[in-house]
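Here are my notes for your read-through. Please keep the coordinates open as you go.

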Amino acid sequence: MSAVMEAAPPAERTVSRDSWTAVFALARFEARRLLMSLPVIVGFLMYVAWIVWNARDYADGYPALQNVDRATQGGPLLVGLAVLLAVNQAVLRSGRRDTERHLGVLVMGAGRRTAAHLLSVGPAVLLTAVCVTGQFGWEALKSGALGHGSVGELLVGPLTVLLFGAVGVLMARLVASTFAAPLLLVVFLFFFVLGTGLGGESGWVRWLYPVVGEMSSDTLPSDLIGRPALWHAVYLAGLGLSLALLAVLLGGGGRARSARALFVGALALTVLGGTAQAQGVPAKTTAARERVTFHPEQVQTCVERAGSRYCAFPEWRGRTADWASVVEHVQSLAGGTAHDQRLLVRQRIDATYGLDGDAAVPPSKAAHQVTVGTNWGGNRVPEFSAAVAAVLIAGDEDAAGGLCDGRMVTLMWIALAWESDPITQLRRVRLDDSVTGSAIVLSPTNSMSMTEGQTTVVRELLERPRGEIAAKVKSRWSELTAPKVTTARVAELLGVDAKVKADSCD
């Protein structure tokens, strides 16, 4: 008796083989491993530490949200690099452990395994988005915050992590070596952190980078930023999707028409975003920048406070009370007509070149007009206080820049004596952070200079009781603020026994 064994028919590919259920299950597994990997843990710890460190005294407690959104973009680079390394090693795990031949007989092909690894990056992207939101929200909740952030700028951080994750998977499908990703990290750090990048610092080339850092010394109004933030986000999203789909195609998913179609669509999205972000600053924004620079009165709102007028850009209207408080303190120590002098405090910036510009604002020749910038807090307070005192004594900002006689002593005393710690404020307002010797005194426009003798007299006065000196200043105001009065004479009038050299403008 014989039995004829018929060949079993080939197993048909069931629906489960093409089902995405297995892909999502593998993605969840890999996502957990990714988040628990050492590089990613270290990356997120460094990122959170960086957020906390910067949040302590960012913008001296007076953040402009149109700057805060860009400040969220640097930290995610750490996470992105960690994700790139971790996901690359995860894809190559089967090759290192010689399990690829076993995975080849499973119902899930290499293309879908590649897709699972790409999906495993998602939780890291979402966690980065949470960190970005927390960083921005922390600054937005501060009482001194103003302005408006950009959604496009806030998306850059999470999209950078997505892009780096796609690069890690793609590299694993192109180069089956565990040394390729670490080598790429070294190249990235060399060119983009320690070096100058692959292109210039200006022009459209820089917008091909994930993060485009721009920051001027003055904070610009939100509508004058002029950055193609949304288009850059579109470009990053398209580039990340393109690299991810290319990895799927190279990983064995090239037969799927849907994957090829999505890849073409992602490429089109990348080209669209890249082209749109390279168009430059709109002519409307350029015209608005020139108007703000040369004719700020056309776009400002003015309010009256305690006899003086304060003119600010719309987003800074709530800050006029802070400026008025400084003016009132300085005038309370002044004598003569300066005590009740009506001032015009006007916000002025040079926005001609946008965030690429760093030009100083020229001093105003208008009588009794004081310039205040768009930054506040920290050193900006004594600098503005010095500018107020200079206008009260010299008459205008342009003339104040030429002061080199004993009037600087009176100027600096009324500018700083009202502070709770005037010696510290003296240090802050000087360019070299000193309280001895000669130095440059900073202000919102032109700088002023103090000689060694003037510094000695001012420091002595600031260390004495305020009321005692205030009475002498007010009673001798005319002589103390007379042109060409010597520092030695001012010291004598205020009761300071100090030997000082002759005043010099050199």
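1. Overall make-up. Bear in mind that this is a predicted model. The protein has 23 helices and six strands. Of its 506 residues, 48% are buried.

2. Contacts and surface. Take the contacts in the protein with a separation of 6 or more: 75% of them join residues 24 or more positions apart. The protein exposes about 24500 Å². Carbon and sulfur atoms supply 61% of that area.

3. A loop residue. L220 sits in the loop between α11 (180-194) and α12 (229-253). Is L220 buried or exposed? L220 is buried, because its relative accessible area is 1%, and the cut-off for buried is under 20%.

4. Neighbours of L220. Leaving out residues up to four places away in sequence, L220 touches Q66, I225, W316, I349, A351, G354 and L355. V292 is 72 residues from L220 in sequence. In space, their C-alpha atoms are 9.7 Å apart.

5. Length of α14. This helix covers residues 283-294, 12 residues in total. At 1.5 Å a residue it should span 16 Å. Its end C-alpha atoms are 17 Å apart, which agrees.

6. Faces of α14. Which residues of α14 are buried? They are T285, A288, R289, V292 and T293. Seen down the axis of α14, the buried residues fall within an arc of 135°, so they line one face of the helix. On the other side of α14, A283, K284 and F294 are exposed.

Definitions and conventions
Residues are numbered from 1 along each chain as its sequence is written. This is a predicted model: local features need pLDDT of at least 70, side-chain atom pairs count only at pLDDT 80 or more; totals for chains, interfaces and linings use all residues. Side-chain values use heavy atoms; hydrogens and water are left out. Helices (H or I, at least four residues) and strands (E, at least two) are DSSP runs, numbered from the N terminus. Buried means under 20% relative accessible area, exposed over 50%, partly exposed in between (1.4 Å probe, protein chains only). Contact means heavy atoms within 4.5 Å. Accessible areas come from the Shrake-Rupley method with a 1.4 Å probe; for residues, only the protein chains shown count as cover. The expected span of a helix is 1.5 Å times one less than its number of residues. The arc is that of the directions from the helix axis to the C-beta atoms.
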